[in-house]
Amino acid sequence: METPLCFDDPAPVPFMLHSKSALRPRFILMVGDDGVLFVPYRVTGAPEPFFVPNADEKGAASALAALARHPDIPVTLFADMLAQDFRREDIPRLSPLDRPRLIRRRLQQAFPQARLTASFTLNAARTHLLMTGLHENAPVFDWLERLKPRTPHICLLPVECADMAMRLLPDAATGWALILSRQRTGGFRQIVTHKGELVFTRLTPPLPPQAAPQEIAEAVSRDIKASLGYLGRLGLSDSGQLRTMLLMPDTLHDALEKITLPVHSVTLLSPYKAARHLHLPFLPNADNSYGDLLYAGWLAQKRKPRLTLMLPDMKMARQTETIRRWGMRVAMAALLFALGATALQAGDLLAALVRNQKETAQLAELHKKLADMRTADPAGESVARLRQALERKHLFASPMPMPWAAFEALNRGLGENARLVKLDWQNDNGKTGDEVMQAQLRLTNNASLADRETTVAHFQQVAQNAAQAMPDYNVRLTRYPFPALPQETLSNSAPENAAADTTAELTIRRAAP
């Protein structure tokens, strides 16, 4: 690792020139798991930025009162919390009709429990997507309900601030870069980019505000080393290619310089100096330990966020308000847009019309058959006979036998060396020869697994013991205990140590007689 670098305090420079739309006043509410940071931007008469903890109803009331005094100024909820997930996806080139349908299906498959999902394109070829989902328990939805009449939109901190890495670390445009900051709204936020694109992000647990510098340095070192394992599966073959910037106050630099990380370089920069270096429209205090205001300033100076999320009903309400405010011009533009969208969906509309006609004809045919049956059998004797037949079937149908003997034999074979994590038994046809079991195992003593060869040997011995205990079955080790390259690459809820989950899989089939 190269010697840690520190930026000198940059000389005062004039702010970047902004367009009128970029300088438009707004309120930015940074929402995290520990609370909300209230940030007014170019709002005359608004209070200075202040933090509202989760349980502080008085502070929340103060924030809402400040917003109420400026009802026409838009509000942005800038989310940085655990209840948000990210995932990169590759999709083929598709027509304008098929592409939205495929993206909707991928979003539903990736985040089935999410309340709100969205995606945006990462490359010019439109084949790489970043998909995101916000879960129901996300704190941002509490503030969304409180501010529902203002129809705020949601932005995600890792998405909007990933391009900051290239400004702070110019070599990030062609390689790997990691920026890490401590957040007042909760935790330590890591953002990793490769050639300027977001590839990984992680929010780790917070430390108390009064934590000692040495404790903070140890937590930073532990979090970065844990992330290197995930980055290795995403293409970082050598951690020496990773340039790291720690956005920490000057008071922590002495402790951070003492940590050792297996990376290309470590650069230390306070949030205050970073904001001045980036010429942001407002600066955190020089002694500010947190990076929240730095990220808020980065979002404020953007012409347009990369990705905005909004609930469907709020999106409709905002569209209605826009039409009311801008009158006929916006209405005509919306009409043209709707006509264009209708034209794009013409194929779906035509298919739906044909399907509806077929279903109407089938329903009429069923009504006719039902009328004929009632005419031929007015007393309902056929229905009674059908019910009696079903009752007899339930009475005489024999339940499928369970292979308790095979389970007991497998338990004897595993002994004390391994334990079951998951067992899937299948016998769809009910025949003895079609019986199949999929057993996922974990060794009871992971401390003895020194290397890959030792791990393989342990699991092969377990498979041999199981085969000896189950002479009527063919036992085969079908998956070795090594993590494959996952398609799910980004997650806030990833475990600290992925290597601890060392499992293998056995396939057990009934031997031919």
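**Helix α1**

I looked up helix α1, residues 57-68, in this predicted model, where local features need pLDDT of at least 70, side-chain atom pairs count only at pLDDT 80 or more, and totals for chains, interfaces and linings use all residues. Residues are numbered from 1 along each chain as its sequence is written, and side-chain values use heavy atoms, with hydrogens and water left out.

Helices (H or I, at least four residues) and strands (E, at least two) are DSSP runs, numbered from the N terminus. I noted that α1 has 12 residues and reaches 16 Å from its first C-alpha to its last. That is close to the expected 16 Å, the expected span being 1.5 Å times one less than the number of residues.

Next I checked burial, where buried means under 20% relative accessible area, exposed over 50%, and partly exposed in between (1.4 Å probe, protein chains only). In α1, I found G59, A60, A63, A66 and L67 buried. Seen down the axis of α1, these buried residues fall within an arc of 120°, so they line one face of the helix; the arc is that of the directions from the helix axis to the C-beta atoms. The face turned away from the buried side carries the exposed residues E57, K58 and A68.

I then asked what the buried residues of α1 pack against. They pack against β2 (26-31), β3 (35-41), β4 (50-53), β5 (75-79) and α3 (140-146), with contact meaning heavy atoms within 4.5 Å.

At the start of α1, I saw a side-chain oxygen of D56 reach to within 3.3 Å of the backbone nitrogen of K58.

**Salt bridges**

I searched the whole structure for salt bridges (a side-chain nitrogen of Lys or Arg within 4 Å of a carboxyl oxygen of Asp or Glu) and got 14.

One of them joins D98 and R101, at 2.4 Å from N to O. The two are three residues apart in helix α2 (residues 98-110), so about one helical turn separates them. D98 is partly exposed at 34%, and R101 is partly exposed at 29%.

I also looked at K302 and D163, whose closest N and O atoms are 3.4 Å apart. This pair links distant parts of the chain, 139 residues apart: K302 is in the loop between α9 (292-300) and α10 (312-326), and D163 is in the loop between α4 (157-161) and α5 (164-168). K302 counts as buried at 9%, while D163 is partly exposed at 21%.

Last, I noted that R87, E89 and R106 are linked in a network of salt bridges.

Terms used:
Polar contact = N/O pair within 3.5 Å; in protein donor to acceptor, adjacent residues only side chain to side chain.
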